[in-house]
Amino acid sequence: MTESEFKKWFRKQWVGWVESYEPRRGSGIGIPDLQIVANRRIVPVELKIGTIKDGLLYPREVRPAQIAWHRKLNDAGIASILLIGVYDLVADDFVACAVDAQYISNWRHGYRHYVKLPVNDRVLFNSVFAAWCSARSSN
């Protein structure tokens, strides 16, 4: 599965405001794929495809410009999210796993601490993800 397919999947799951940004259409290099509104806050969301191996979550690749963008935003006191889609062949659907993007530079080592979002219930997915984003934004 591709990152583009994961983006389409996420847009179908998310019930609130969501906007895409893409460099080939004029946005800056490293800017996240999406911005959403979660509990009245704008939250940048970087989408990646990945795998879970031995309990660690690995995105396929994070570019240096993306790491720099999220680091600058974090240094400014604003939280952003790394949302990694892991395709489940048995369920024939994505599993969405959220990571605080302040740790984005650790992507090659995998993430031990992440939140696996409930994807079989759209309302629950939205409420859990919104609450998780808000908790990151208020720190």
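W17, V37 and I42 come together as a nonpolar patch on the surface, with about 260 Å² of accessible area between them. Patches here are built from residues with over 30% relative accessible area and no salt bridge, where nonpolar side chains (Val, Leu, Ile, Met, Phe, Trp, Tyr) are joined within 5 Å and like charges within 9 Å. This is a predicted model, in which local features need pLDDT of at least 70 and side-chain atom pairs count only at pLDDT 80 or more, while totals for chains, interfaces and linings use all residues. Residues are numbered from 1 along each chain as its sequence is written, and side-chain values use heavy atoms, leaving out hydrogens and water.

**The surface patch**

- W17 sits in the loop between helix 1 and strand 1 (18-20); helices (H or I, at least four residues) and strands (E, at least two) are DSSP runs, numbered from the N terminus.
- With a relative accessible area of 39%, W17 is partly exposed; the scale runs from buried (under 20%) through partly exposed to exposed (over 50%), using a 1.4 Å probe and protein chains only.
- Accessible areas come from the Shrake-Rupley method with a 1.4 Å probe, and for residues only the protein chains shown count as cover.

**The nonpolar cores**

- The largest nonpolar core has 23 residues, of which F10, W14, I36, L83 and F129 touch the most other members.
- Helix 1, strand 2 (34-38), strand 3, strand 5 (81-88), strand 6 (93-100) and helix 3 are the elements that give two or more residues to this core.
- Helix 3 gives the most to this core, with five residues.
- Apart from it lies another core, made of twelve residues, including L57, I84, V86 and C97.
- A nonpolar core means a set of buried Ala, Val, Leu, Ile, Met, Phe, Trp, Tyr and Cys residues joined through side-chain atoms within 4.5 Å.
- As general background, nonpolar side chains in soluble globular proteins tend to be buried together.
- If you click on W14 and leave aside neighbours within four places in sequence, you will find W14 in contact (heavy atoms within 4.5 Å) with I36, V37, A38, R122, F125, N126, F129 and A130.

**Salt bridges**

- A search of the whole structure turns up two salt bridges, each being a side-chain nitrogen of Lys or Arg within 4 Å of a carboxyl oxygen of Asp or Glu.
- In one of them, the side chains of K48 and E3 meet at 4.0 Å, N to O.
- That pair links distant parts of the chain, with K48 in strand 3 (residues 41-53) and E3 in helix 1 (residues 3-13), 45 residues apart.
- K48 also pairs with E46, again with the closest N and O atoms 4.0 Å apart.
- Together, E3, E46 and K48 are linked in a network of salt bridges.
- K48 is buried at 4% relative accessibility and E46 is buried at 0%, whereas E3 is partly exposed at 28%.

**Cysteines**

- There are zero disulfides in the structure, a disulfide being a pair of cysteine sulfur atoms within 2.5 Å.
- For C97, the closest cysteine sulfur is that of C133, and because the two are 14 Å apart they are too far for a bond.
- Both C97 and C133 are buried, with a relative accessible area of 0%.

**Two residues and their surroundings**

- A96 belongs to strand 6 and is buried at 0% relative accessibility.
- Beyond its neighbours within four places in sequence, A96 is in contact with F6, W9, L83, I84, V115, K116, L117, V119 and F125.
- From A96 to A130 there are 34 residues in sequence and 13 Å in space, C-alpha to C-alpha.
- R136 lies in helix 3 (residues 122-137) and is partly exposed, with a relative accessible area of 23%.
- Setting aside neighbours within four places in sequence, R136 is in contact with A79, I81 and D100.
- The C-alpha atoms of R136 and D100 are separated by 7.1 Å, although the two are 36 residues apart along the chain.

**Backbone angles to look at**

- R40 is not a glycine, yet has a positive phi of about 70°.
- R40 lies in the loop between strand 2 and strand 3 and is exposed, with a relative accessible area of 83%.
- D54, likewise not a glycine, has a positive phi of about 55°.
- D54 lies in the loop between strand 3 and strand 4 (56-59) and counts as exposed at 71% relative accessibility.
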